[in-house]
Amino acid sequence: SSNTTRTLVLGDFGVGKTTFVNYIKWVLCLKEKTKSEFVTTPIEIKIQSDWDANKFLLSTLSSVYNASIIFKWQEDGMKLQSLKKIEEYVTIGTQKAVQGTIGVIGAGYSETKSIPSSTSPEIYESLLTNLCLELREEGKQLLISYDNMENININRLADFFKTIKDYIQIGGFHSIFIGPPKCLSALEKYPQVHSVFTQPTILESLNEENVLEILKKRCEALKFKDGNYISPYDEDTVRDIYKRLNNIRFTFKVLEDTTLFTEMEAPCKITIKEIQAVQEKEKQEILSKLTTQETKIISVLMEVQDKVILGKLAKLANIGSTNLTNPLKELEDKGVIT
């Protein structure tokens, strides 16, 4: 579009949403940088749970300012007057500010960096509008991606979009929001919010052959120039893992862990035997750090191998329901259960 777009890219955890969006940004903005009609930021902006209009706009401006330095816009001939004004708002004082030292925000806003309390969203909006206007005069448009929509409570997400609705419709500003499929229902709370977004792109899981193709491309990219290589994995094993996990991120993590474990025996091919040996070792390391009560709960869950309600878990583990609360929270905090 030559004006402005708002796009949702939705999909389950680990399906490859961010990689997909980064590829689109590379094609549109970076593949042929000087000829491109778009500019972007080095990384996607991570949405925070407490975001409001101010934090959204400041994070966007901070990332754009950072991009102008990293991608050397000025050296490429883009002399944007608005960047000097943006710098004033995204440059903040550190502890040494009193002594005259000023720190500059990196890519995006973080909790450790202060926001000028008196600045209104309208000022940030004006800065963003002027920037986009100058970019369009240079024959460019701004493309920004925002990741981790799940960080905002689903009940609050629609209200958040309502507060930023006008800002994401600025001419020459293209935004991509990345998150889980449930985010779509939040937008339907307000028709005026839902209507500004295009038809969402919903990514489904890759099939086994896609995963094998990606692995092959990785091996090709890592080999010596004009060299050859021994494939480090058994294809049937990869198919089997992916059928069980249905998640490319988890599949690659399993392969990575096993590769590190078996690299002393290289060359080798990863099979289920090696994977099971690594997982048994990891399992024992995890269990060794748990309390007796936590170990009982985990042992039951590994036998059940499915979702289980609290009452059934209490009965199988022979622990009173009221006594399950703390150990379950501890296990969840440790990342052992969901």
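This is a predicted model: local features need pLDDT of at least 70, side-chain atom pairs count only at pLDDT 80 or more; totals for chains, interfaces and linings use all residues.
Let's begin in helix α9. Asp240 and Arg244 form a salt bridge there, and their closest N and O atoms are 3.1 Å apart. The two residues sit four positions apart in α9, about one turn of the helix. How accessible are these two partners, Asp240 and Arg244? Asp240 has a relative accessible area of 25%, so it is partly exposed. Arg244, at 61%, counts as exposed.

Stepping back, the whole structure has 16 salt bridges. In general, side chains of opposite charge can pair when their charged atoms come close. Let me show you two further pairs. Glu44 bridges to Lys46, with 2.8 Å between the closest N and O atoms. Here Glu44 is buried, at 11% relative accessible area, while Lys46 is partly exposed at 38%. Then there is Asp50 with Lys55, whose side chains meet at 2.7 Å, N to O.

Now for the backbone. Most residues other than glycine have a negative phi. Asn246 is partly exposed, with a relative accessible area of 44%. Lys72 also has a positive phi, near 55°, and it lies in the loop between α2 and α3. Lys72 is partly exposed too, at 45% relative accessibility.

Last stop: two helices packing together. Helix α12, residues 292-304, meets helix α14, residues 325-333, at an angle of about 75°, and their axes are 10 Å apart. Angles of 65 to 115 degrees count as roughly perpendicular, so that is how α12 and α14 are arranged. Who makes the contact? From α12 we have Gln293, Glu294, Ile297 and Ile298, and from α14 we have Pro327, Leu328, Glu330 and Leu331. By type, those contact residues are five nonpolar, one polar and two charged.

Note on methods. Residues are numbered from 1 along each chain as its sequence is written. Side-chain values use heavy atoms; hydrogens and water are left out. Axes are lines fitted to C-alpha atoms, for helices over the stretch in contact, and angles run from 0 to 180 degrees between N-to-C directions. Angles under 35 degrees count as roughly parallel, over 145 as roughly antiparallel, 65 to 115 as roughly perpendicular and the rest as oblique. Contact means heavy atoms within 4.5 Å. Ala, Val, Leu, Ile, Met, Phe, Trp, Tyr, Cys and Pro count as nonpolar, Asp, Glu, Lys and Arg as charged, and the others, Gly among them, as polar. Buried means under 20% relative accessible area, exposed over 50%, partly exposed in between (1.4 Å probe, protein chains only). A salt bridge is a side-chain nitrogen of Lys or Arg within 4 Å of a carboxyl oxygen of Asp or Glu.
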